[in-house]
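Thanks for asking me to look this one over.

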Amino acid sequence: MSHTVHQKDKLIARVRRLKGQMEGIERALEGDAGCGEILRQLASVRGALAGLTAEVMEDHLRYHVVEAETEAGRRQGGEELIEVIRTYLK
């Protein structure tokens, strides 16, 4: 079972906060807010998304690599993380 299932409510709450922040940016753009305000809101969203990403990555590393039950599971978890990091850094 995936570690995200155990923390589903917490992760969904964070996603909903991100959604609310994005909707705030949309309202700011529609309301002709200044670019400084929009940039601050974008920076907040970026930080929140980075925090969520780091949390899920850390849990993946912990549960699917460090504490994997088998060597094959450890290898698969590591390969998945490498693939995600490569995509994330592009």
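1. Let me start with one residue. Asp9 sits in helix α2 (helices are DSSP runs of H or I, at least four residues, and strands are runs of E, at least two, numbered from the N terminus). Asp9 is exposed, at a relative accessible area of 66%; here buried means under 20% relative accessible area, exposed over 50%, and partly exposed in between, with a 1.4 Å probe and protein chains only. Between Asp9 and Gly51 there are 42 residues in sequence and 16 Å in space, taken C-alpha to C-alpha.

2. A word on what you are looking at. This is a predicted model, in which local features need pLDDT of at least 70 and side-chain atom pairs count only at pLDDT 80 or more, while totals for chains, interfaces and linings use all residues. Residues are numbered from 1 along each chain as its sequence is written, and side-chain values use heavy atoms, with hydrogens and water left out.

3. On confidence, the average pLDDT (the predictor's confidence in each residue, from 0 to 100) is 93 for the protein, and 98% of the residues score at least 70. Please keep α1 in mind: confidence is lowest there, at a mean of 74, and highest in α2, at 96.

4. Do the helix lengths agree or disagree with expectation? For α2, residues 8-30, the 23 residues should span 33 Å at 1.5 Å a residue, and the end C-alpha atoms are 33 Å apart, which agrees. The expected span is 1.5 Å times one less than the number of residues. Helix α3 has 32 residues and reaches 44 Å from its first C-alpha to its last, close to the expected 46 Å.

5. Next, the loop between α2 and α3, where you will find Asp32. Its phi is positive, near 60°, in a residue other than glycine. Most residues other than glycine have a negative phi. Asp32 counts as exposed because its relative accessibility is 69%.

6. Which residues of α2 are buried? They are Leu11, Leu18, Gly24, Ile25 and Ala28, and their cover includes α1 (3-6) and α3 (35-66). The buried residues of α3 are Ile38, Val45, Leu52, Glu55, Met57, Asp59, His60 and Val65; these pack against α1, α2 and α4 (71-89).

7. The largest nonpolar core has 7 residues: Leu11, Leu18, Ile25, Ala28, Ile38, Val45 and Leu52. Each of α2 and α3 supplies at least two residues of this core, and the largest share, 4 residues, comes from α2. By nonpolar core I mean a set of buried Ala, Val, Leu, Ile, Met, Phe, Trp, Tyr and Cys residues joined through side-chain atoms within 4.5 Å. In soluble globular proteins, nonpolar side chains tend to be buried together.

8. Now the charges. The whole structure holds 6 salt bridges, each a side-chain nitrogen of Lys or Arg within 4 Å of a carboxyl oxygen of Asp or Glu. Glu55 and Lys10 form one of them, with the closest N and O atoms 3.0 Å apart. Glu55 is in helix α3 and Lys10 in helix α2, so this pair ties together parts that are 45 residues apart in sequence. Arg14 and Glu55 also meet in a salt bridge, at 2.1 Å from N to O; Arg14 belongs to helix α2 and Glu55 to helix α3, 41 residues apart. Within it, Glu55 is buried at 12%, whereas Lys10 is partly exposed at 47% and Arg14 is partly exposed at 21%.

9. Within helix α3, Arg62 and Glu58 are 4 residues apart, about one helical turn. They form a salt bridge with the closest N and O atoms 2.7 Å apart. Arg62 is partly exposed at 36% relative accessibility, and so is Glu58 at 44%.

10. Last, have a look at Asp59, also in helix α3. Asp59 is buried yet has no salt bridge, and the nearest side chain of opposite charge, Arg62, is 4.7 Å away. For charge, Lys and Arg count as positive and Asp and Glu as negative, while His and the chain ends are not counted. Leaving out residues up to four places away in sequence, Asp59 touches His3, Gln7 and His64.

Technical notes
Contact = heavy atoms within 4.5 Å.
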